[in-house]
Amino acid sequence: LLVSKDLGKHLLEVEDLLQKHGLLEADISAQTERVKALNAAALKFSELEGYQPCDPQIICNRVNHVHTCLEELRELAGKRRKELEDSRQLWAFFQEMEEAEAWIREKEKILAAKRCGRDLSSVLTLTNKHKSMLGELGNRRALLHQTMKKGEQILAKKLFSPGGIQEKMREVRLRWKKLEEVTGLHQQRLQEALNFFQFSAETDDLVAWLQDTYRIVSSDDFGHDDYSTQALLRKHRVMVEEVEKHRAAVLALRKQLALLAPEHRQGVDVQIRVVEVEQLYGEVAEVAILRQQWLQDALAVYRMFSEVHACEVWVDEKEQWLERMEVPEELDEVEVVQHRFESLDQEMNSVMGRILDVNQVVQQLVDGGHPSSEEVRSCQDHLNSRWNRVVELVEHKKGQLNSVLKIQNYLLEC
């Protein structure tokens, strides 16, 4: 049993042989105690005085022979255990290498699928899984390094033929190197897909914002009075600032597109998408500028209407006063009325300035093609007509006053 050359053909068989050898060693250990006792008893016969049933030398030789045989048996047992343990180390190495190969094959099968996701969510999921696999790869690399060290130790002992061990180590190293290369390429493809879908998602968000903004800036609500139009203009100016802030994001699209992988950036759809975004932004910016101008024009119209109303109130008041006023015949009363006209002249100069401003605003609106040009022009004509009427009344009343003054002065001279 101890000189057997059967060292097992796989790890389980070696483990079984080691278990049996352990039983044999236990038996030898038990027999060792028995041999010691028998040898001690035999040596007593070699020490007898007088009658000796056997030659003491024969007894000593026999005891020595049995002891030598037992030592040889124990040496064989030790040698056999070492050989079995070396065999176990060898087959454990091969099993670990096979497990490493199986793990590599499993990961190769996963990576061979080349799945990179169909949208941002699936790419993020696959990226997280790939990160987990990279963690596994690191752990497996450390284990494989330990296994390779065991292989080197087995080769250093020179107990077994090195061919199979070296071939297995070389094969696993090559497959591991290929796995790391494929893993790196897959990680690169995932990153490229992630960049593409992030670019697409950001582009979609930008398009959605531009579409919403276009609906806002193309509104035909310009307010119904000075206050509401000012409120709309304030909101629109904020929107114009937002549009301007998004200009950089739109301009950056082509730079981001250039950074994508060739298979993504060379797609017709994505290139058309970028052009559409740029065109949409141009339309939004253009309409925003137009709406701001329209709001400003609307505000100018409402302010003009307000100014016209104020002037017409003044005109109504003075027109009624002038029509009711009768030129007095007494000199004292004439002088009082004359002072009133002097104050009226100052007021008229001020109002005339306001009317001239109204006319200037109207001309700008008409020249700018404002949609309410006809209404604005009609309002202007009506105000100017009312103003001319007041001017005529004032001149008429002043003429009457001058006539009365001439008569009064003539009478005084007489």
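Predicted model: local features only at pLDDT ≥ 70, side-chain atom pairs only at ≥ 80, totals over all residues.

Q: Why are H5 and H8 called roughly antiparallel to each other?
A: The axes of H5 (residues 226–245) and H8 (residues 268–324) cross at roughly 160°. Angles over 145 degrees count as roughly antiparallel. H5 and H8 are therefore roughly antiparallel.

Q: Which residues make the contact of H5 and H8?
A: From H5, they include Asp-226, Leu-232, Leu-233, His-236 and Val-240. From H8, they include Tyr-281, Ala-288, Arg-291, Leu-295 and Tyr-302. The axes come within 10 Å, and the crossing is left-handed.

Q: What classes of residue does the contact of H5 with H8 have?
A: It has 12 nonpolar, five polar and five charged residues.

Q: What makes H2 roughly parallel or roughly antiparallel to H4?
A: The angle decides. H2 (residues 56–112) and H4 (residues 162–217) pack at about 25°. Angles under 35 degrees count as roughly parallel. So H2 is roughly parallel to H4. Their axes are 10 Å apart.

Q: What is the handedness of the crossing of H2 and H4?
A: H2 passes H4 in a left-handed crossing. By class, this contact has 13 nonpolar, three polar and eight charged residues.

Q: How do you know that H4 is roughly antiparallel to H5?
A: Their axes cross at roughly 150° and come within 11 Å. The cut-off for roughly antiparallel is over 145 degrees. H4 is therefore roughly antiparallel to H5.

Q: Where do H4 and H5 meet?
A: H4 brings Trp-209, Thr-213, Ile-216 and Val-217. H5 brings His-236, Met-239, Glu-242 and Val-243. H4 passes H5 in a left-handed crossing. The contact has five nonpolar, two polar and one charged residues.

Q: Why does Glu-101 count as buried?
A: Glu-101 has 6% relative accessibility. Buried means under 20%. So Glu-101 counts as buried.

Q: What does Glu-101 touch?
A: Glu-101 is found in H2. Not counting residues up to four places away in sequence, Glu-101 touches Lys-168, Glu-171, Val-172 and Arg-175.

Q: How do you know whether Thr-183 is buried or exposed?
A: Compare its relative accessible area with the cut-offs. For Thr-183 the value is 2%. Under 20% is buried, over 50% is exposed. Thr-183 is therefore buried.

Q: Where does Thr-183 lie, and what does Thr-183 touch?
A: Thr-183 lies in H4. Setting aside residues up to four places away in sequence, Thr-183 touches Leu-111, His-130, Met-133, Leu-134 and Leu-137. Thr-183 and Leu-111 are 72 residues apart in sequence, yet 7.2 Å apart from C-alpha to C-alpha.

Q: What makes Arg-386 count as buried?
A: Its relative accessibility is 17%. The limit for buried is under 20%. So Arg-386 counts as buried.

Q: Which residues is Arg-386 in contact with?
A: Arg-386 has its place in H10 (residues 373–413). Leaving aside neighbours within four places in sequence, Arg-386 is in contact with Glu-312, Val-315, Asp-316 and Glu-319.

Q: Why is Met-325 called buried?
A: Met-325 has a relative accessible area of 11%. Buried means under 20%. Met-325 is therefore buried.

Q: Where is the place of Met-325?
A: Met-325 is in the loop between H8 and H9 (331–367). Leaving aside neighbours within four places in sequence, Met-325 is in contact with Val-337, Phe-341 and Lys-397. The C-alpha atoms of Met-325 and Val-337 are separated by 9.4 Å. Along the chain, the two are 12 residues apart.

Q: What makes Val-301 buried?
A: Val-301 has a relative accessible area of 5%. The cut-off is under 20%. So Val-301 is buried. Val-301 lies in H8. Not counting residues up to four places away in sequence, Val-301 touches Leu-365, His-370 and Val-376.

Q: How many Å apart are Val-301 and Gly-267 in space?
A: They are 51 Å apart, C-alpha to C-alpha. In sequence, Val-301 and Gly-267 are 34 residues apart.

Q: Which domains is the protein divided into?
A: They are domain 1 (1–89), domain 2 (195–298) and domain 3 (299–413). The C-alpha centres of domain 2 and domain 3 lie 51 Å apart. Their contact takes 12 residues from domain 2 and seven residues from domain 3.

How values were computed: Residues numbered from 1 in each chain as written. Heavy atoms only, no water. Axes fitted to C-alpha atoms, helices over the stretch in contact; angles between N-to-C directions. Helix = DSSP H or I, 4+ residues; strand = E, 2+ residues; numbered from the N terminus. Parallel < 35°, antiparallel > 145°, perpendicular 65-115°, else oblique. Left-handed = near helix turned anticlockwise from the far one by under 90°. Contact = heavy atoms within 4.5 Å. Nonpolar A, V, L, I, M, F, W, Y, C, P; charged D, E, K, R; others polar. Buried < 20%, exposed > 50% of the residue type's maximum accessible area, 1.4 Å probe, protein only. Domains from an automatic or database assignment.
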